[in-house]
Amino acid sequence: LELVRRLGELASLGRPVILGASRKGFLGEVTGRPRAERDAATHACHAFALAAGTAHVVRVHDAAGARDAALVIHALRRGAG
């Protein structure tokens with residue numbers, strides 16, 4: 001969690017940041033869910049980083065869900081819809 005919270009420090013180096021938190025163990029520790037049931041937690045984690053502008057690319061298992069989450073974040077950031 002601390003690494004995701006502090007991604008801005010990596011992003012400040014001026015290089016693209018790739019976040020691959022998909023279904024990771026720390027999400028299971030937070031939610032208590034087994035690996036196969038962590039997609040919502042994954043999307044929340046990635047949404048946090050995308051909304052903060054600290055992640056440029058995310059690695060996921062549920063591509064459709066991640067795409068939808070990213071589209072909503074981008075629409076909210078630009079005031080669309």
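Which helix gives the most to the lining of the largest cavity?

1. The model is predicted. Searching the whole structure for cavities of 30 Å³ or more gives 1. The largest cavity holds about 40 Å³ of space.

2. The lining of the largest cavity is made by His43, His46, Ala47, Leu50, Val58, Ala66, Ala69 and Ala70. Two elements give two or more residues to this lining: helix 4 (39-52) and helix 5 (63-78). Helix 4 gives the most, with 4 residues, which settles the opening question. By type, the lining of the largest cavity has 6 nonpolar residues, 2 polar ones and no charged ones.

3. The largest nonpolar core has 13 residues, and those touching the most other members are Leu7, Leu19, Cys45, Ala49, Leu50 and Ala55. Helix 4 and helix 5 are the elements that give two or more residues to this core. The largest share comes from helix 4, at 4 residues. Leu50 is named both among these core residues and in the lining of the largest cavity.

4. Leaving aside residues up to four places away in sequence, Leu19 touches Val4, Leu7, Cys45, His46, Ala49, Ala55, Val57, Val58 and Arg59. Among these contacts, His46 and Val58 also line the largest cavity.

5. The largest pocket holds about 150 Å³ of space. Its lining consists of Leu1, Val4, Arg5, Phe26, Leu27, Val30, Thr31, Ala41, Ala44, Cys45 and Phe48. At least two lining residues come from each of helix 1 (2-5), helix 3 (25-31) and helix 4. The lining of the largest pocket divides into 9 nonpolar residues, 1 polar and 1 charged.

6. Is Ser22 buried or exposed? Ser22 sits in the loop between strand 1 (18-19) and helix 3. Its relative accessible area is 1%, so Ser22 counts as buried, the cut-off being under 20%.

7. What joins the side chains of Ser22 and His61? The link is a polar contact of 2.6 Å. Not counting residues up to four places away in sequence, Ser22 touches Thr42, His46, Arg59, Val60 and His61. Of these, His46 and Arg59 are also touched by Leu19, and His46 is one of the residues lining the largest cavity.

How values were computed. Residues numbered from 1 in each chain as written. Predicted model: local features only at pLDDT ≥ 70, side-chain atom pairs only at ≥ 80, totals over all residues. Heavy atoms only, no water. 1 Å grid on protein atoms, 1.4 Å probe; cavity = no way out; pocket = protein on both sides within 12 Å on 5 of 7 lines; lining within 4 Å. Points joined across faces, edges and corners; volume = space filled by probe spheres on them. Nonpolar A, V, L, I, M, F, W, Y, C, P; charged D, E, K, R; others polar. Core = buried A, V, L, I, M, F, W, Y, C linked by side-chain atoms within 4.5 Å. Buried < 20%, exposed > 50% of the residue type's maximum accessible area, 1.4 Å probe, protein only. Contact = heavy atoms within 4.5 Å. Polar contact = N/O pair within 3.5 Å; in protein donor to acceptor, adjacent residues only side chain to side chain.
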